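Let's walk through this one together, starting with the chains and ending where they touch.

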Amino acid sequence: MATTNRPSPPFERAGLSDEQLVGMLRTMLLQRMLENRGFQLNRQGKIPFASASEGHEGVQAGAAMAFARGRDLLFPYYRDLGLALGVGLTSYEVLLSLFARGSDQSGGRQFPHHYSSRRLGIATISSIIAAQLSHAVGAAYALRVRGEHGRAVLATFGDGATSEGEWHESLNFAAVHKLPVVFLCENNEWAISTPLAKQMGQPDIWRRAAGYGLPSTCVDGMDPVACYLAVSDALDRARTGGGPTLVEAKCYRFLSHTTDDDDRTYRSREEVEAHRRDDPVPNFERRLDEAGILSAEALERLKGELLAEINEATDRAEAMPYPGGEELYRNVYADSTDPWR
Amino acid sequence: MAVSSPTQTSQVMNNVDAVRATLYDAMKNDPRTVILGEDVGARGNVFLITKDFAKEFGPQRVIDTPIAEASIVGIAIGMAMEGLRPIAEIQFADFIYPAFNQIVGEAAKTRYRSNGEYTCPLVIRTPYGGGVRGALSHSVSIEALFYHVPGLKILAPAFPADVKGLLNAAIDDPDPVLFLEHKKTYRLIKGEVPDGHYTIPIGKANVLKEGSALSVVSYGLYVHWALEAAQQLEQEGISVEVIDLRSIRPMDKTAILQSVEKTRKLLVVHEDNKFGGIGAEISAMVAEEALFSLDAPIRRHCAPDVPAMGYAEPLEHEYMSSPAKIAEAMRELARF
């Protein structure tokens, strides 16, 4: 792959079937609607917190389609709701996390959108920016030591993570050992309230790869097919011994960082509205309609199905109990929690 | 000590040899074991602990890392999460600070935040401690910075046989263990080390010398000095009990309380500075559990609360204790 910034390609199927293309749209819609549900529940006072990924649907659906479930490993960050859904997390699991119920995978410990699942190959993460990247590199090294060819690690992060020292350390180590890992940057231009111009001297994160001796590519993060192609190429190369790649997907964060943030304090409505033209969800809906893959009527049916799924999952998750207080003491160590013996 | 072999043979070795022999066996016996750190490969570690390991086990399992402590630990966490048994080395404990988040925020919480779905069977070894003219960045004690953290285990053995038994226990442990090796004891301290694989339970202290007048609790280099001081006091007719903690988290409450209830006086001795140190927790625990068994206030003999020991000999000397200074602290408490 050339180390260049590819223009957004005209609509192409990229070898994807109608079913796969609709599947990507389904993931994008589910992400947006579930996120909306999180914000609603917060405003209703039913949950303390939710975070936002609106604008990331394209890159996440594309990356999820490229991810080989049951084979690849995912080290995501907390804005990857769509990626988690795309690799198999269910609406119900997301709602258990939002409601912090006892049957949530983390037992109600983790913040929303900090999913983990051995079943799906999703690693456990903290909220500490870029901390998961060295874990991803270590996991890729483990695949190498065990001689597990045909598997790769996908590590994702935002533009903000690229300022962390561990971002550099992780790319550098992966490059030294040519590890089977793909670094996918979901560049949404904002680190909470800090714009790209205050984060870095030049705005193209993909250009930094050359400094590590890594191939890189830059794609339109609003285009799920382009993102699928870029991540798929990179994962294929990683799985076949070609080493790591940095992929930069330029997208945008349409909402505030979380339910506790107010983006009106640091960016203009005009800027946000200007980016709405590139909103990946309606654009992909239109493209599938124009290509005769999913009609407007079929789209409405799909949205109705998803809403019913989310409503059912909301009711079911809300009805589940919180973890009991005794759960606080479990899984500190394999053995006793008591520091005194 | 839990020793597996009934027909016991042993060898005399020093602490650094015990580390080396134990790591060698771990590499030999388990292909999942990898060692990573600065200069552990071709150079064989700055103390030659892993000398020739890279030749025997290959550079894939003995990894010379870039100088990047945060990711040395972070990469080891990823390896551990995915089924390897990494032993990460921080070249000197003083260099561990860049890895603080990876140890405290990530390794210690992996099992907890995933509710047991992911675990972090990781050993982080590091040489610590002073008395070697190491100045501000090659002599610190770091245990108090980490022993506050649930999810971590911290070991600080003082004798070669304990180094082997506890390092084996750390390697076998399913959770992250910070393994502290006092660098002044590396070649100074020799002892019998049983052959074959054995482990010492984490969280068990060792009563090195029984006594009746007061109890001294210590770990690391100062255990040896406390023992020397106790032998001196024995000749003066003062009987001192000396306890080597060996394990700092978890810590052996039973051994400390049993001793204090017998001698009715407690002196905690450590090289780390006093404020918020290991001695503070021990003192609080004894005050909570055995206050009315005490015949004297609990005493702590620790380093002064300064940032570090200076390079100049008098500065190091002022910072460090000695068998004579420890003996004096013992006499004072005995007289109370």
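Helices here are DSSP runs of H or I with at least four residues, strands are runs of E with at least two, and both are numbered from the N terminus. By that count, chain B has 13 helices and 14 strands, while chain A comes to 12 helices and 7 strands. A word on the source: this is a predicted model, where local features need pLDDT of at least 70, side-chain atom pairs count only at pLDDT 80 or more, and totals for chains, interfaces and linings use all residues. Residues are numbered from 1 along each chain as its sequence is written, with chains lettered from A and ligands numbered from 1 in the order in which they are written.

Take chain B. Its radius of gyration is 20 Å, which agrees with the value near 20 Å for a compact globule of 336 residues (taken over C-alpha atoms; the rule is 2.2 Å times the number of residues to the power 0.38). Buried residues, those with 20 or more other C-beta atoms within 10 Å of their own, C-beta atoms being placed from the backbone, make up 57% of chain B.

Chain A, with 341 residues, also has 20 Å, in agreement with the globule value near 20 Å. Its C-alpha atoms fill a box of roughly 60 × 55 × 40 Å along the principal axes, and 50% of its residues are buried.

Now the meeting point: 44 residues of chain B are in contact with 35 of chain A (C-beta atoms, placed from the backbone, within 7 Å). Helix 3 of chain B gives the most to its side, with 9 residues.

Terms used. Buried ≥ 20, exposed ≤ 12 C-beta atoms within 10 Å, placed from the backbone. Contact = placed C-beta atoms within 7 Å.
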